Amino acid sequence: MGLLGALRQAQRSTVVGLLVIGLWCGHGCVRDEGSNPPLGVMHFPIAATAYPPEAPELLYVASSNFDLLYNSGSVQSYDLEVLDTALKDVCGDVLQKTRCSVLPAEADLDRLRPSAVQTVGLVPGLQRSEVLIGSFADGIAITPDGARLYLPVRSDANLTFIDVQPATGLMRCSESAFGEPQRCTESFRSGLTTSTREVTLPTDPVAVVAGSLVTDFGLTVGDYVLMAHRGQSLSLLVDRLSPSDQRPILVDTIDGLASELVTVSLDPQTHTAWIPSALTARISRVQVAIAPSDNDTDSIANALSATLFDVGPLRTAGVDQGIDSREVKFDPRGNGRVYIVSRTPRALLIADQQTSDGNLQVHNVIPVGQGPSRLQLAELATDGATASRLFAFVSCFDSREVHIIDVDNEQSTTMGTGISGAFELVIDPVRNRLYVVDFRTSVIRSLDLGPLLACLDGAPPDPINGCTPSLLGLLGIPKAVQELQ
Amino acid sequence: MNRVFIHLALCSALLTPVGCARRATTADLVNLEAPNDLAFACVRRTRDARRLTTIIMEELVPLERCNFHHLLESDDDLPDPDPCFEGTDTTPEGQVTDCELHAVLTELFAGTVGSINVTQLADQSGDLSIQVPALTFLSVGERPSGLAVWDKDSSYTWVSNFGTRDVQVVSTKTILNLEDAPPIDPFPPAETILPVSQGPTDLVISPTGHFLYVALEEAGTVLEVAIDPATGEFVDTGTVLTLDGVAAQVPAPPIGQTEDNDYFRYCPPERSPLTLAVAPRTPIGESADPRPVELTIDPVDNVLLVSDRAKPLIHRFQLGTDDDTPTPATPLDPIHVAVPTLDIAVTPAVPKTFLTPSGSANASATERYLYAVDATDGSVLVADYTEGSPTFGAVLPVGSDGSPVDRLSLGAGLARTLSVLTPDYPEDAATIPSDSLCQLTDNDAAANAIPTALRGVFLSVGLSDGTVRVVDIFDLDATCRGGNFTPGSNDCTGAINPNDSVVSIRRNRPRINTFLTQSLTVSATPVVRFNQTSGALEESTGQLEVEPAPGLEPIECPDRWVNLYGDPDPLVCANDEPWVTASERWDSEWEAEIPFAGGGLGSLQTESLSAEAGNWLVADQAGFCLFGLLGGFNVAGLAPTDPEAGYFGDQLVITGELPPLTQAMEELTPGPCARFFDNVEDLDDNPVSFAILEARMGELRLGAPLSNGYTFDDVMSCYDTLVSYEIRTRRAYTVTGTNQGFVHRVTADDLADPQSTCIIDPEKPIETDDPTTYLNARAFEERPFLNPFVSFEISAFPETVPSPPPLDTESIITFTTDNRANQLLLRTGQLSGQRISSLPESLVYLPLDDRLYLADLTAGFTVIVLQPFTLALNRN
């Protein structure tokens, strides 16, 4: 047998081998439904949102089930007041706060097998509700009235929505009652309907933002959802235009945007969505065109006629190299400023929203740690609450930090360190807490902003910790990333 | 298994958002984490000659002992004595003694101060703990913001910490990990830490070593702290220097520059620099509270310069010069530069004009310049800093690429750090000795006079785009560039390098990085596309040979411009200043879209936002004036010399489909809106368009439709919701450059008011003898077109084309300018083929070894040599 023959023989063997493996896999794996994630446990949490945003009572956390250890991801709602009290009670006297966890009373401690050095408190009432969703959720958004959650779920290639009782945080995404443990059914996991227009939902949803058509677009009814798709697309959905509406309605999509889209943010003033790209120096911008109306009939018609308009990308010029941006936030004071988390360079870019030449007008480049990922803005009181200043919180996944930047003074102020998988951030301006979604160890870290606020109030920095927010404890038991199973 | 399969299918996609990236994060065991400030110390080390890693003795010595110039002398000269050995005995046999330069640096995020042995780059002596597999440095406070080591006695290092609001003194020996260093104290004694009221943003030490100066931005003051340099102790808790000095009005800059008052070397001789003029800017922040942010010491006059992030002043304090008696700072009048500033750098005195190789009466070094980063936009301004000058403090006209005339032209990056370089420049020279200038008769010296070799005085600028750029101030080698120079004759013959025939060296202009025989060309023959025809334009006629089509007419080039295309008569001219015309493609397209002016939130209305009756497109967030839109009303009253005088006004084109519900209903029962079914398909041939009578920031007053078959009311009733649109020029060519875009000088009285009318910026009037003032982008048939970069004239449409041309007329003329005069720059994140992102933070030039050092927040510690200008080391 010559060399060619040997190769052919080898190829045949490979093909036969693959077929056998494929048949075995098809026989053995498809019928195995896998196991549900344990109740009360986060597994690679990737997104979180608080409700109501100005005075949060509830925290919703989406777990991605990133390693597919379980057969689904999940969404949990937590009572923030209970969490705060529990952390004081359980972790107040624990010196090393990373070794102190609180868990919902429903959690199965035997299955979690916490380390012997971990102080653990099982807390009744901490978790309000939990539902199971598809794996690889990548974002979460809640309607302004707190009654519906939206999640882009990549394994379903669709938008999952969950009905919520805003006052209690109880969730429902099936025929089961609010608050009962349940798995979201098909109608909630791929439940879009389309309008009369010939639009189809692109695949690979990665980010979502939701808002009210009433407050943001001047209609009398309804909500909207913008969903970014990794493959250069953006979708617009409208929802709850009438009480009988059960499902979001897809009204328009637009493609041809930059590749590797990561997140989406909407400026309600200009009705323009900014969508950063992890692969190019372009930030896509799309206007959401919905005409205002003061009556329900026209409002519904206008919502269903809504369109997306590509106003052209902005190039992140003037920085080295500007090809990987992760999140955009608009200055809440409406001064036309925009803040962008960039990975090349590793920095928070402060820029002008308005531009006349297609280039992002960057004013300042403030360095942050490695792997900057997500951004939150918060106005913090200063000078005895007589004034306030806007701060940016930037999670840095690779350097395991959260950087805190005084954007008005364009000065990096302090940072929280040792946060192994810092990713999504939620700020509680009432309790002065920063909740950091720790993707790597599947916990939420609750940090006290008190030391920072005290410094802003004029107090001298703590001799040991300076003005750095201090860790109060963990929600969940830290879990090291394991091999794929 | 199935889970694994799904995981593999989705894994690469999921890695992106969670950060465990596709571009793997390198885990370099020996790395610096965000170095942000630099200082230097000199260590004299005696090593065992047979085993150089064995250190027999090491001691800190004054920085000047690490002067390495003696190593650079040529063989013909007697080498200078090595200053390292001044006052020391001979090194015993079997031992080697050398002075080794150490960079002391802060790490912003780690809150540490550490060192790198610059002389022995492989040396890990700065590593304080070999047990830890990375460089271990000394912890100081949170967010170190400034660093000071006294060059005469480097025993102590002072660090200002923004986060912990203090100034800390530490033993330099400890930082350098010398053998007799005091042990690291995890709880530093209270007397080594001086708390301050607010986070300090910068720190410097006085030349006499008696005082530290600490910028307290939020307190609005500078703190003068007395110290004992011998013990490192804080003598007091600091005296507040208030920043309440009152500056004179913004001084007017000198008007223009000529050969008699400017420094330049241009070849060939017929070239001469463009004369610029600039009026002082309207000051920003005069009533603001001071916010001192960065401190610079002028070593010539012993003056402390304080930049201010809020006020348009550079505060000044006279420092004491008595080495024995501490003398507190006394305030001087601040300099009013009209804008808040960040980093500052000053030059030594340099001659006013270009010198002949033998020197001349002009060889006196009389002129000084101050450079400052404009805090509002990251640009760099240049001010007259010559004490006693009638225009002291005036911001000079130095820009010439369409960017502001009173700013250096440094590209899109934001300046972050400045440093003046003085390689080989005679120290403290009142006059420049002729032997320091390059002599054409010295073949070796003349051969070394290359654009990338820096000898003289230059400004280096670290920018956010990851580059360090160089600006010419006084080039000792300029006398060998381009050939002989005789005052009055500007002889440019006899250059050593035959390719050095086009020379453009000018003070306060970016340095050009290469020899040139021709700086500007068109890279290909201009081409035209006219309806179904296309082809290259003839160089002799400017026309298309095969068929009648619009082409180019012969023109006369403006003064100092060059003919880029056309023989014998110019057809395309360009500004020959190498810093003006970029390499870019210029398109002139008949009635083409104005870039970025379109939108999707337009609403057709019969009332304006202020209830004026008429036909309107309302889009209150559109910002039309920013994109250069003009209606006929907006250009009424312009002088005939204005390029837009008599313009008809732009046109609005509806680009959207019918609203979905309308479309659906019309499909069921065709009605009056059915005519707009094909609107999107007809955009090029038969667009739905209206003349723009008046453009405002957020609304357009519309005139008649530009084709038959519909009225405004028809369109409004069919497009009864928000409509998408674009704006095109009308009966004009839209001229755009790939770099410059749509050049214009349109603005509004109130850019935040959607009802504010677009106007031609009155602060940018046309000066008929100054092409740089022609900021416009609409070219008309048979009228010369001129902008600051190029000039040409498009001929009329062929007679077969009716007037006005039909809506589907396509006519595009394209050419590309190729400027080979690139700026000298280094990408600091690029070394040995690797490319990492860079964010320069602090440039420090060290005259002792004529090298430039950079603390880069992402690329690490970088060493740059100047002859030639190259990256020598990057340590991250």
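Modeller: In chain B, take the contacts (heavy atoms within 4.5 Å) between residues at least 6 apart in sequence: 65% of them join residues at least 24 apart. This is a predicted model, in which local features need pLDDT of at least 70 and side-chain atom pairs count only at pLDDT 80 or more, while totals for chains, interfaces and linings use all residues; side-chain values use heavy atoms, with hydrogens and water left out. Residues are numbered from 1 along each chain as its sequence is written, and chains are lettered from A and ligands numbered from 1 in the order in which they are written.

Chain B contains six helices and 54 strands; these are DSSP runs, numbered from the N terminus, with helices being H or I of at least four residues and strands E of at least two. The radius of gyration of chain B, taken over C-alpha atoms, is 32 Å, close to the 29 Å of the globule rule (2.2 Å times the number of residues to the power 0.38) for 876 residues, so chain B is as compact as a globular protein of that length. Along the principal axes, its C-alpha atoms fill a box of roughly 100 × 75 × 65 Å. Of the 876 residues, 58% count as buried. Buried means under 20% relative accessible area, exposed means over 50%, and partly exposed lies in between, with a 1.4 Å probe and protein chains only. The accessible surface of chain B is about 34600 Å², by the Shrake-Rupley method with a 1.4 Å probe, where for residues only the protein chains shown count as cover. Carbon and sulfur atoms account for 50% of that surface.

Now the disulfides. A disulfide is a covalent bond between the sulfur atoms of two cysteines. Here a pair of cysteine sulfur atoms counts if they lie within 2.5 Å. Over all chains, the search finds ten of them.

One joins B:Cys267 to B:Cys492, with the sulfur atoms 2.0 Å apart. The angle about its S-S bond is -85°, and the link is left-handed. This pair ties together distant parts of the chain, 225 residues apart: B:Cys267 lies in strand β14 (residues 264–267), and B:Cys492 in the loop between β26 (467–475) and β27 (503–506). B:Cys267 is buried because its relative accessible area is 0%, and B:Cys492 is also buried, at 15%.

Another disulfide is formed by B:Cys625 and B:Cys758, whose sulfur atoms are 2.1 Å apart. Its S-S torsion is about -85°, so this disulfide is left-handed. Its ends are 133 residues apart and again in distant parts of the chain, with B:Cys625 in the loop between β36 (613–618) and α4 (632–635), and B:Cys758 in strand β43 (residues 758–760). Both B:Cys625 and B:Cys758 are buried.

A further disulfide links B:Cys673 and B:Cys718, with an S to S distance of 2.0 Å. The torsion about this S-S bond is about -95°, so the pair is left-handed. The two cysteines are 45 residues apart, in distant parts of the chain: B:Cys673 sits in the loop between α5 (660–668) and β38 (688–695), and B:Cys718 in helix α6 (residues 712–718). B:Cys673 counts as buried because its relative accessible area is 6%. B:Cys718 is buried as well, at 2% relative accessibility.
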